[in-house]
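Dear colleague,

I am passing on the structure below for you to look through. After it come some notes on what was found.

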Amino acid sequence: MNSRHPQLDANGELRHLLTIEGLSREMVHHILDTAATFVGVSDREVKKVPLLRGQSVFNLFFENSTRTRTTFEIAAKRLSADVVNLNINTSSASKGESLLDTIDNLVAMHADMFVVRHSQSGAPFLIAEHVNRTRGPEVHVINAGDGRHAHPTQGLLDMYTIRHFKHDFTQLRVAVVGDVLHSRVARSDIQGLTVLGVPEVRVIGPYTLLPDGLEQMGVRVFHDMREGLRDVDVIIMLRLQNERMRGALLPSAQEYFKHYGLTSEKLALAKPDCIVMHPGPMNRGVEIESAVADGPQAVILDQVTFGIAVRMAVMSILGKS
Amino acid sequence: MKAPTRISIVNGRLVDPASERDRPGGPDSALHVAEGRIVAIGAAPDGFEAERLIDASGCVVAPGLLDLAARLREPGFEYKATLESEMRAAAAGGVVGLACPPDTDPPLDEPGLVEMLKYRARGILGTRLYPLGALTVGLRGEKITEMGQLSEAGCVGFSQAQSPVLDTQVLMRAMQYARTYGFTVWLHPQDPHLARGGVAHAGHYASRLGLPGVPVIAETVALNTIFDLVRETGCRVHLCRLSSAAGLELVRRARAEGLPVSCDVSVHHLHMIDLDIGFFDSNSRVDPPFRSQRDRDAIRAALLDGTVDAICSDHTPVDDDAKQLPFGEAEPGVTALELLLPLTLKWAEEAGVPLTRALGKLTRGGAAVLGLGDEYGRLQAGGAADLCIFDPRESWVVTPATLLSQGTHTPYLGRELQGRVRATIVEGRLVHERDPAVATEARAADRVPEVPLGAIGQRLL
């Protein structure tokens, strides 16, 4: 058992980005500051900087995601890296080579960076520890979402968005609403907000969608959305997947929307300048009403734009180390 | 080479949990073995001539360990472990007898399979096997097995291993049928519906890691059902691998009520908690999962107040391919036959438990559950010569090279433990002997820096 966090090297520098948990406030701000320098790049005539020229980034998606994969691809290309996309369907009945065999093969093709999405919590840790052991410091792993565990670049781009609109984290009340149980975004957001010193993080949802021991993550738990939204500065809505309606977690999308969907009427309970965020893709009419999603308080498309800059920042910091 | 049958063990500290005697090593602490029995303690009988003299200076001489759960993986999983490798590991761990669960492939649900297992084991000098027969055919929880014939073939009890009996009527019928012949049914109390999909203790740490949880109520709901069925059927039940404070409290009450139940815990659960998963360490993936510190403390307390009869290894060799996977996909199980004694000693040391009591949970406790007679699990003239001779102070590092088991996965990998077996005698035959002077020791490079267990998880809080 290794005592050091596998995402840090011996000097405490980032070698991989696996989770926001354990990052210092300075490190998070450093990533956000770096991202700020990249926001302008996308507006330039030549949307490229040469920071990762000659490096190969492998997008390794064991779980489908067009959106996240695309933003990583754009971020890598704007850093002048070569990008290879691999979609590996693990759910197929024919189980092919093992996860670590796949990694070894790609490392042998001189991959410099892996962007990994996997349905199992912790899979990027396994990969990072494996390349630490077999390859040393030259190969980097970025977690692009693992099971229910973490989605650190989404968490960071959410922090970037909040910093952009609200400036000071230490005066905020933030509500995270919905399916926290299955949400890696919620966990990364809660960790990001906590490390940046947000004094009140609220979580709102029915008991069936909230994990055990949530309070120990430093949040206040609400089951009544109206109560939970009162006077908040930021609302982060979570995506509710249709498959949740199949088991015994929720009776129907309609009932969910009635109690936990964000409507203009409920949004009015928050502060007048409250911003509304959503990691996408949205289910209109399930967790959010179109009037809110397209309304003046929504910053959902800003999140997407900032997301590319944040991913460029993470890749450039890792690629430099 | 023929193993010597007349052995004298001299200068050892004799520890007998059954009589709570702890006699320091000295001139009168000799123990003499012949024809499979302890023939004398102290002076040798007239005319006794030892073929072999073992100097046990600095060592403890205790009854050999009786382990209530060790998977040998045969038949069917020979790529994980073989009878040869695991019986050698058992002997190296001081284990003289072990109960093997029926979850082989095929499961032990036919007398012929049990006879084959015993036949294979007879060719290997070592530990005695006490096979557990399958309670239902194929462990499918549908149809009861030929328990009478399985018993004649050598099964000491009937178990579902980790497979559930989803149909409570089938479970009741199985218990009624077992009751007819006085057989003990061994059950893992875990409600399969409540545990479904879970891979770690349901608590704040699993939530933080995004790992689906196995809640404590999966254990308590199952226990309440089992106790109702015991009341109804009168069947004797041995409860395997209790993991929670709440579960142990239910067992405590059931015993106070006088229900015919006994219970064991796994040795890793005396030490490990959910935080020891650290960063998704699949060496800490076990079933039932490591629970909270409060549960761990309750397990320790329940050993002392008699709620728990025995500590078992729950030895489960797993191949590397099945462990080098994301935590939730990794196969549960740890190697433990060779860790059973040192980890029990570690508990005794930390909790200030006298050696006689601690070793009682590895010897008499198991003997009682297995229904062995008074000649087993104790040091007495006339009793079975099942002995474990160990140096309680010898330090060693757990590495694949220092383990004889084919399974090498345990959260203790790379850690230093105290207490190591020098010799194991089964029914008067020396089945394992280790000379510390020539033993292969782990190189210093194999060691990992000493970090208190739980420290990694703790640091994240």
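H8(B) is followed by Gly306(B), which has a positive phi near 90 degrees; helices here are DSSP runs of H or I with at least four residues, and strands are runs of E with at least two, numbered from the N terminus. This is a predicted model, in which local features need pLDDT of at least 70 and side-chain atom pairs count only at pLDDT 80 or more, while totals for chains, interfaces and linings use all residues. Residues are numbered from 1 along each chain as its sequence is written, and chains are lettered from A and ligands numbered from 1 in the order in which they are written.

The helix itself, residues 293–304, has 12 residues and reaches 17 Å from its first C-alpha to its last, close to the 16 Å expected at 1.5 Å a residue (1.5 Å times one less than the number of residues). Its buried residues are Asp295(B), Arg296(B), Ala298(B), Ile299(B), Ala302(B) and Leu303(B), where buried means 20 or more other C-beta atoms within 10 Å of a residue's own, exposed means 12 or fewer, and C-beta atoms are placed from the backbone. Seen down the axis of H8(B), these buried residues fall within an arc of 160 degrees (taken from the directions from the axis to the C-beta atoms), so they line one face of the helix. The face turned away from that buried side carries the exposed Gln293(B) and Arg294(B).

As for the two chains, 27 residues of chain B are in contact (C-beta atoms within 7 Å) with 27 residues of chain A. The largest share of chain B's side, four residues, comes from H5(B).

Best wishes
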